[in-house]
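User: I have a structure open and have not looked at it before. Can you walk me through it?
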Amino acid sequence: MNPLGEKYLRKDFLPFLFCPGCGDGMIVQAFLEAVDQLGIIDDLALAAGIGCSAWIPVYIHADVFKGLHGRAIPAAIGLKATRPSRKVVVFTGDGDGLAIGGLHLLHAARRNIEMTVVLVNNQIYAMTGGQVAPSTQVGSRTQTTPYGNLEKPLDGCKIAVAAGATMVSRCSTAHLKTLSRTFKKALTHKGFSFVEVLSQCPVQTGRYILGSGAPQFNLQWLRDNCVPVDDPAKWGEIEAQGKIPLGDVLKIEKPEFMEEVKKMNQKVKEAWAKGGER
Amino acid sequence: MKKGRIKVMQGNEACVEAALLAGCRFFAGYPITPASEILEGMARRLPLVDGFCLQAEDEIAALVAVVAASWGGAKSMTATSGPGFCLMMEGVGLAASVEAPCVIVNVQRGGPASGQSTSTAQGDLYQARYGSNGDYSLITLCPSTSQEMFDHTIQAFNLAERFRIPVIILSDEVVAHIREKVVIPDLDDLELVERKRPTVPMEEFIPFQAEEDGVPPMPDFNTGYKIPVISQCKGPYGTRGTAQEAVVFIRRLTAKVEKHIAEFADIRTYGDQKAETAFVSFGSVCRAARSAVDMAREKGLALRSVEVKTIWPFPDDLLRSKLKGAKRVIVAEMNLGMLRNEVQRVIRQPEIKIELFSKIGGIYPQPQEFLRFLEEKR
């Protein structure tokens, strides 16, 4: 076994439930590399909802809360607020995080509460059998768009930026070293960080949308269609060519929510002690 | 006579006061009439005790945050009313499945849907028990005064911690907004229960292995136990359960509460304990029933008011004993007969007549109406 796996995986939970060729196992590896380098395994509190990507944290030997579909972010807030020293990481998918849980993403980002949201985007509802997702490209045929998808996809990164996230990046499983480095950046970011990971799903996206269920074909599709760029100003150009831009979109410093809460509590206590309320 | 500070408070305020004394340090809620004073009170008071109050983006987020905060190590609570309670239903099942102690206050208002936001009702009785999917069990308490709202809030936290379940306080608009005397005991005089924590090291700890009472010990997150908490049916180690493990799990979730009903079942009787005519009610309706008993006594008519305080799991045996000797049972409630159905299920003797006195539309019943009902339907 990979030494990282030996060190950090729950052996009694193996094998993974991921299909052969799935990108989720690669994300586990990239994440554990970052965790190992930072030495933060004991501080992790991992939260997830429902879907393939929601199983990523369950195999990691850490404290894990895998709750309801779309509700990983509220759970993460409950964990963060009860002990702000926790390193809280959410693993969510494009359906879990952008459809049913979309509202929670907006509000966690605007609060700038310190946590990392890893949104694994395989462009489909995979676990339920290949239905259209809010990230599916127009025209794609899925089980619920048998005549082609008419709906424009949502861009998770742009939503996170608009909502107030203070670190936003897009990566892919075809660029694993960058993914691991990005996780490291996100895990040390003071504030709300959002990492979208384009990931291959040979069984659903591959077979029904891209035309092949071969794992190699699907990974190659990501290599061919994802374009790493240094300057987020160039994302428009890449998108105009029908490609998917990768890279850091944003990394800024803003007051972090739980630190602000702590400051406020201190002020309120002092004011009440003096007899005034505010 | 109770000892302590005396304050005049709304039910909603009494709830805040009690929650803080019980040790609640995490609250999440969403504004809704007639429950908002609880969220407002917690927002004002929690900073003073280094707690945290979240106004969530919706009630789903509120309850899910409360459930996770419970695993985070805090006693936690949310409060809402019918429409918000609907949104919370997935979280109720979640709390039951991951066995997270927490308290959910539902200040009932008129329904269905948006119903009557500022009027009282008791239409959420079944929702409190059966609202989420699948089999699970929880405890529901029904206060009828500000004092009971205070006492039930303390008790709700204790029962939640004792059984590792969500406990629902089914209040209503009348109890929420009435202002009356509340005795607030000193913290030292309160009996507070804390969840069982593991006594063995991580290597030996089996996260969902119950002890004899059906309740497994619960470690806080980030205390070295590194446990997987999943919302699926699970085996003792926290993995997705086999069919056999699912059977054991579901049966344990329900049995850990229902087998111990005698520990917490509470029905009070007011008036003549032997009277042949008995009112059965819960929540704010008990208040009018009591007044009716007093008014009847003045006329020389003996009545008893049987007041159900712990309504779920339904206290079958206790109700039977409280209704011993009754020939005419009038179930009074502000819905179309939910409690009546339970009473009919429990009291099967054909010689006992069970009638329904129902008030809906947000109109609180007058005590005189109880007496008129007794005469007209005779």
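Analyst: We can go through the chains, then the places where parts touch. Keep in mind that this is a predicted model.

User: Fine. What is the secondary structure of chain A?
Analyst: Chain A has 11 helices and 8 strands. Its radius of gyration is 19 Å, close to the 19 Å that the globule rule gives for 278 residues, so chain A is as compact as a globular protein of that length.

User: And what box do its C-alpha atoms fill?
Analyst: For chain A the box is roughly 70 × 45 × 35 Å along the principal axes. Of the 278 residues in chain A, 51% are buried.

User: Now chain B. How many helices and strands?
Analyst: Chain B has 13 helices and 15 strands.

User: What about its radius of gyration?
Analyst: It is 21 Å for chain B, and a compact globule with 378 residues would have a value near 21 Å, so the two agree. The C-alpha atoms of chain B fill a box of roughly 70 × 45 × 40 Å, again taken along the principal axes.

User: How much of chain B is buried?
Analyst: Buried residues are 53% of the 378 in chain B.

User: What share of the contacts joins residues at least 24 apart?
Analyst: Counting contacts between residues at least 6 apart in sequence, 77% in chain B join residues at least 24 apart. In chain A, counted that way, 67% do.

User: Which ones?
Analyst: The buried residues of helix 8 in chain A are A:P202, A:V203, A:Q204, A:T205, A:G206, A:I209 and A:L210.

User: What do they pack against?
Analyst: They pack against helix 9 of chain A, residues 215-225. Just after helix 8 of chain A comes A:G211, with a positive phi of about 105 degrees.

User: Change of topic. How many residues of chain B are in contact with chain A?
Analyst: 33 residues of chain B are in contact with 33 residues of chain A.

User: Which elements of chain B give two or more residues to that side?
Analyst: They are strand 3 (52-55), helix 3 (59-72), helix 4 (82-97) and strand 9 (228-230) of chain B. Helix 3 of chain B gives the most, with 10 residues.

User: How do the residues on that side of chain B divide?
Analyst: The side of chain B that touches chain A has 23 nonpolar, 5 polar and 5 charged residues.

User: Strand 9 of chain B was on that list. Which strand of chain A does it pair with?
Analyst: With strand 2 of chain A, residues 63-66; the pairing is parallel and has 3 bridges. Within that pairing, A:F65 has B:V229 as its bridge partner in strand 9 of chain B.

User: Back inside chain B. How many residues of strand 2 are buried?
Analyst: 6 of its 6 residues; strand 2 of chain B covers residues 24-29.

User: What are the bridge partners of B:F26?
Analyst: In strand 4 of chain B the partner of B:F26 is B:S76. In strand 3 of chain B the partner of B:F26 is B:F52.

User: What unit do strand 2, helix 2 and strand 3 of chain B make?
Analyst: With helix 2 at residues 36-45, these elements of chain B make a right-handed β-α-β unit.

User: Last topic. What does the domain assignment of chain B give?
Analyst: It gives domain 1 (5-189) and domain 2 (267-376) in chain B. The C-alpha centres of domain 1 and domain 2 of chain B lie 26 Å apart.

User: How many residues of domain 1 are in contact with domain 2 in chain B?
Analyst: 22 residues of domain 1 of chain B are in contact with 20 residues of domain 2 of chain B. On the domain 1 side, the largest share comes from helix 5 of chain B, with 4 residues.

User: And how does that side divide?
Analyst: The side of domain 1 of chain B that touches domain 2 of chain B has 11 nonpolar, 9 polar and 2 charged residues.

Note on methods
Residues numbered from 1 in each chain as written. Chains lettered and ligands numbered in written order. Predicted model: local features only at pLDDT ≥ 70, side-chain atom pairs only at ≥ 80, totals over all residues. Rg over C-alpha atoms; globule rule 2.2 N^0.38 Å. Buried ≥ 20, exposed ≤ 12 C-beta atoms within 10 Å, placed from the backbone. Contact = placed C-beta atoms within 7 Å. Nonpolar A, V, L, I, M, F, W, Y, C, P; charged D, E, K, R; others polar. Pairing = 2+ DSSP bridges. Right-handed = clockwise from strand over helix to strand, strands pointing away. Domains from an automatic or database assignment.
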